[in-house]
Structure formats: C-alpha cells, structure tokens
There are 2 protein chains.
Amino acid sequence: MNEGVIIAIDAMGGDHAPDIVIEGLDRVVRGRSDVAFLVHGDEARLAPLFERYPAAGRASRITHASDVIGMEVKPSQALRRGKGTSMWNAIDSVKAGAAGVVVSAGNTGALMAIAMLQLRTLEGVHRPALVASWPTVRGVTAVLDVGANVTADAEQLVEFAVMGEAYARARYGLSRPSIGLLNVGSEDMKGHEEIREAARLIRERQGDLDLDFRGFIEGDDISQGVVDVVVTDGFTGNIALKTAEGTARLVGGFVREALTAGPLAMLGAVLASGGLSRLTDRMDPRKVNAGVFLGLNGIVVKSHGGTDAVGFATAVETAIGLAPSRFAEEVGAKLRAAVAHAGAPANLGAIP
Amino acid sequence: MNEGVIIAIDAMGGDHAPDIVIEGLDRVVRGRSDVAFLVHGDEARLAPLFERYPAAGRASRITHASDVIGMEVKPSQALRRGKGTSMWNAIDSVKAGAAGVVVSAGNTGALMAIAMLQLRTLEGVHRPALVASWPTVRGVTAVLDVGANVTADAEQLVEFAVMGEAYARARYGLSRPSIGLLNVGSEDMKGHEEIREAARLIRERQGDLDLDFRGFIEGDDISQGVVDVVVTDGFTGNIALKTAEGTARLVGGFVREALTAGPLAMLGAVLASGGLSRLTDRMDPRKVNAGVFLGLNGIVVKSHGGTDAVGFATAVETAIGLAPSRFAEEVGAKLRAAVAHAGAPANLGAIP
C-alpha cells in the first residue's frame, strides 16, 4: 500500500461490481502514489481483477466480505441484515478511523441508513444531506440536499448552507463560496415559510456563520452559476436535479438529430468534431458522477449504481479531494457557535 | 369584427406593450377569419398601431382603458387599484360572457389575483393552477401547477389531475391523456404524504374521475414524455420548469461554443445549418410561450412579459385552441361526481 490519503471502497456495490470498481481504482492510481484503498469485497472475485489491474492491487488492501447488499434491498432490511456485507464493512473502516472517506456504487437507501447508524451525525447537525456537483455556465455549483431527506425545516436548511459552503471550499478550492436559497421568487414574501425563516436565521447568525449569503435564487439561476452553493430540501433538490438531467438528455437528443439530418449535416458534424467532442465531454454524466453525503462523522461518496470504470474513478477522485479537508471540524465549529449564541440546544449526534 | 371565436386581449400588459400585442394579433389573423378580439387599452396608443396592422384592426373591437397595471405592482395593490385598467377590463369581458378566454402579457401576480376575484373558481375547484406546455422527446406534456400556489394538499392535486387531463384533451387533441404525479421515487412509500394520499384518492375515485393514471413519475421522466400530464404543487412545478429552462439555455450555450470553436467547426455549422435551424426552432421559448390559468369560470392565458410579437401570437393561438372546449363543464362534472360519492362538501366557487 502507498502512503497518503486512505479511502475505503465498497467493491461489491452497483450493477457492474466488482469489475468496474477495480478498473476505476486502476485509472485513479496510474501515475500517482499518494493514495491507498481499503477494499471490502469477495476475495475470490477480487483476486483475478487485481491480477488484471496490478496498479490497483499495489494500492489496495483487501478485507474479505462474504455478503453484498442488493440494489433492491429496503433500508430497514439493510440495517437488519447488513453486517458482514462489503458496504457495512467499508463504512466500518471510516468509523474505526482507518479511512476518512468511503466510496460505494451500491444501494443508496441502504448506504444512507447504514452510514447514519454507524457514523452518526456531526455535532450540531440534525440530518445529513446529499450534495451534487451541478455543471453551470461559470463552472460548477454544489446543490444540496438532492435526496437524503424528503423535508427540511429552517434549522436544517441553515445547517445545509454551512455544510455546502465548507464542501465548496474543500471540493472546488473556492475561498469564499456564495450561497443561495432555492425559492420560487426573489421577493422576500414568496415561497415556503421554512425557506423565509432560514434566510432570516442565516442573516441573524451571520456573526458566527460568516457566510456569503445572497438570499433567494430561482430554478433557472442554478445552471447560470449565480451562486456557488444552492440550498434546498431533498424533495425539491432531487426533482430539480433529475429534471435537469432529463432536459440535458432531451436537448442532447435534439442536437444529435440536427447533426444527422442529412449528408450535409453529417459532413458538417465531422468538420465540427473538435468542438463537438468537447461538448460531449462537458455533457458526460460520468464526469460529475458523485453524490456526497455530508453531515456524518466521515464523508460518504455515492457513485451512480449503473456507472462504468470512468464514472467510478470520478467518484474516487471526489473522495480523494475531500479526504484532507477539515470539513467536520469547520462545520461543527460554526454550528456550535451559532446555536450557542441562539440559545438552542445542539444536537449531540443522535439520529432524530 | 369577424365571426367565430372571441378572445379578450389586455393590450397594455408586458414590457413591450402595446406594440408587440397588436403585431402579434396581426400575425394570428393573417389568413384566417374565424377569430375576433376584444382589445382593451389606451385608444390613443392603439389607433396608430391598428393603422400599421390593418388585418389586426379589422378583427378587433377596441374598448378604451385609461390605466395600466405596472409589472412591479403587488397583487394586493392590483386588487385595490385595478379597476379601469386594461387587465381588469379584459377579464371583465370574460366575466360578462363576451369572450371565453383572455390573454395578457402583464404582471402575473396581479393577473391571477384579479382573475380569481372576478371569475371565481369553478364549482368543485379549490384553487386555480398554472399549466405549462413542456417540450418532450415524444412531443409535449402539460405540467401543472407551475406557480399559481405555493402548496397543494391531496384534494387539490386530484383537482389538478382532472383539470390537466381536460386541458390535454382540449389543447393537444389527445383522446385519453396519461397522468403522473411528480415525486422523488416510483415506490409507493416515497415522497410527501399529500402526494401519496393524492395517488390513493385518484385510484379510489376512478369510477367518477375515469383517468389514465400511471402513478408516480420522477423529474427526468418529464422531458422523456413518459406521461401526457404531470401533476405537482406550484412550488415544485415552478422550480422544475425554471430549472429545465436554465438547463436548456446552458446546453444551448455549450452547443453554440462547440460550433464556433474554430474555422472548421464554423464551416461544419454552415453545412449542418438545415438541421440546426430546426433545432433552434424546437428550442425557441417563444413557441411554447403560454402559461394557462385553469380552474376559474373562464380561461386566462398568460404570455411572458418580455416576449415579442411571435411569442404573443403563440399565446393567442393557445387561447384560440382552448376557446371552443367544454373545459369548465367537463371538469366540473367529474369533480362534482367524485366529491358527491366521497361524501365531502363541494366548493361552491368561493376563494378559500
């Protein structure tokens, strides 16, 4: 094993595991020696893969797990039957302090349930949030929550703002990310009560939170990169994210049709292939393949279950980028200070 | 004035009124004689426009309105000060039965407030909904509510389903439109309580409602055209719609960059211009420029405030398509029957 950043890997989660997992690790470690993997999975299936990908093998330590959590298992079942699975054991590596971040392409609901049970929420955080990196005109914006919870009250939205800001600093290298609350209008009177209350709380606690808070933004502002961090509840965020994915696919289909509409169009597409290949690259969902669970004692990176080795490598790169950050300390310190000044009791890491 | 369909027009609403309004009417009536307009606005400003666009003039009867509701006026102010404005008077034309549909590019909040006060909700409908036509892989899907309300309970979602279905039949000529409820997952256990309850109610009242209800859909299903009608609350629908608009603009920008990346790419774009112009046409927001308020005693078509004559003409065409429909009767009959069988009291047209 190499020295440096250590990442725990659930090698058996996802539609094409463990093959694309090990191939993905191989893509990551070729040409770098500062990362090591604690790989959890079926030794008999992993051994031949590490023979095929020796660079991945040199960077990995395998811990055998005899069982795997299927993609159709419900969270409650995963909690009862999860022990001894590759997912459970990978999360345990983080709980034990052997790794700071875990990556899995497995069952999302199971991953969240086990992670919450094993890692518990950070002090000051009521519920974890799932954050997505959203391509924009200006680069990339962090959007959270995109589906860890169905609802969020004002205090939770404030916590998401603090977590999203720390994430944008750690992941994108921004010194002072700007933050917006997703709403249906930019006037103060519009939208749900909890969103207006969250805006009020962030402004009231500015002395402790120290956020570059820009107020309300609307749906079309996300892709325009109006802010670096978009805060919303998990229901709205999930629908916005999936709607954007569907729209990008729709427009991409229209473009393909336009460029195959006849021999002239096809010749044109060949001539424009340089620019178009960059377009394809920018639209490649594998390049943004990582949802990250924030707010636990340890960071959990979720790769898309149907991804390939390129996509899994993106998720691992995300994990590597987050590993050295002092995310938990920063978030905890801000939320403790804000809540102490507000006089409310801080959450002590229990699942509510 | 011509005989046939009669549409009331707020000539003064919107950023570029009344010029683009009258030019838009002209585009609509050139080549057809089955439509007439009741045009409300400032006679002194309208007279020279009708000289410039004589076809529009022949199809119109002007009623002078000395005042106009500005784009920045709050709904409460519009209700107090609205009388005598072009918007108020245009809606009054519908209330008086002189026209079945009204079109305005003016202030959305004011339009909704005045329309609700003057036209009242249909019997059986608690709140109106704003419906948008959403381009999809298969054609077009009706999405409602996209912003008339911030919340919707289960009964209101059921009403939206009935209204959306009647709208899709009237507007798109579908004989039996399919309906989906927007949610974060297709499993029965996911999502907000009111959405699960709405699904249960629609199935329970199937004998009266007679809807082709397909259950839950997710955000990415909208653009794929998985159903003909998407039902959601106004907060979620507004954010989904604006997120899709922003994403389409983002991807459109990427495509333009790709096709201007260098001389070869630009030559390629020229060769592919046939297909690309069809793409531009499909992506043209003016071609889907109409939000329609459903659920009142009269249909209210909202054109985008910043649109041009082409966009306003689209809104008027939408109004013309809806005018002959028996929308109110159909919706009223279904909702009365369903509520009578369920034993709950029907709403009698009051604003709740």
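**Conventions.** I worked with a predicted model, in which local features need pLDDT of at least 70, side-chain atom pairs count only at pLDDT 80 or more, and totals for chains, interfaces and linings use all residues. Residues are numbered from 1 along each chain as its sequence is written, chains are lettered from A and ligands numbered from 1 in the order in which they are written, and side-chain values use heavy atoms, with hydrogens and water left out.

**Entry 1: relation of the chains.** I then looked up the interface, taking contact as heavy atoms within 4.5 Å. The copies meet through the same surface, because 100% of the interface residues of chain B are also interface residues in chain A.

**Entry 2: helix 12 of chain A.** Helices (H or I, at least four residues) and strands (E, at least two) are DSSP runs numbered from the N terminus. I classed residues as buried under 20% relative accessible area, exposed over 50% and partly exposed in between (1.4 Å probe, protein chains only). In helix 12 of chain A, A:A265, A:G268 and A:A269 are buried. These residues lie on the same side of helix 12 of chain A, because they cover an arc of only 100° around the axis; the arc is that of the directions from the helix axis to the C-beta atoms. On the other side of this helix, A:P263, A:L264 and A:V270 are exposed. A:L267, also in helix 12 (residues 263-271), is partly exposed at 43% relative accessible area. A:L264, A:L267 and A:V270 make a nonpolar surface patch of about 280 Å². Patches consist of residues with over 30% relative accessible area and no salt bridge, like charges being joined within 9 Å and nonpolar side chains (Val, Leu, Ile, Met, Phe, Trp, Tyr) within 5 Å. The areas come from the Shrake-Rupley method with a 1.4 Å probe, and for residues only the protein chains shown count as cover.

**Entry 3: salt bridges.** The criterion is a side-chain nitrogen of Lys or Arg within 4 Å of a carboxyl oxygen of Asp or Glu. I found 29 salt bridges over all chains. In one of them, A:R32 pairs with A:E317, the closest N and O atoms being 3.4 Å apart. This pair links distant parts of the chain, 285 residues apart: A:R32 is in the loop between helix 1 (19-29) and strand 2 (35-41), and A:E317 is in helix 14 (residues 309-322). A:R32 is partly exposed at 28%, and A:E317 is partly exposed at 33%.

A:E330 and A:R169 meet at 2.8 Å, N to O. Here helix 15 (residues 327-342), which holds A:E330, is linked to helix 7 (residues 154-172), which holds A:R169, across 161 residues.

Which chains does the bridge of B:E218 and A:K242 join? B:E218 lies in the loop between strand 8 (212-217) and helix 10 (219-223) of chain B and A:K242 in helix 11 (residues 234-258) of chain A, so the pair joins two chains. The closest N and O atoms of this pair are 2.4 Å apart. B:E218 is buried at 16%, whereas A:K242 is partly exposed at 21%. I also noted that salt bridges with shared partners join A:E165, A:R169, A:E330 and A:K334 into one network.

**Entry 4: backbone geometry.** Most residues other than glycine have a negative phi, and most peptide bonds are trans. I looked up departures from this. The peptide bond from B:A17 to B:P18 is cis, with omega near -5°; B:P18 is in the loop between strand 1 (5-10) and helix 1 (19-29) of chain B. Another cis bond joins B:L144 and B:D145, with omega about 0°. A:R120 has a positive phi, near 60°, and lies in the loop between helix 6 (108-119) and strand 5 (129-135) of chain A. For A:D210, phi is positive, near 50°; this residue is partly exposed at 39% relative accessible area.
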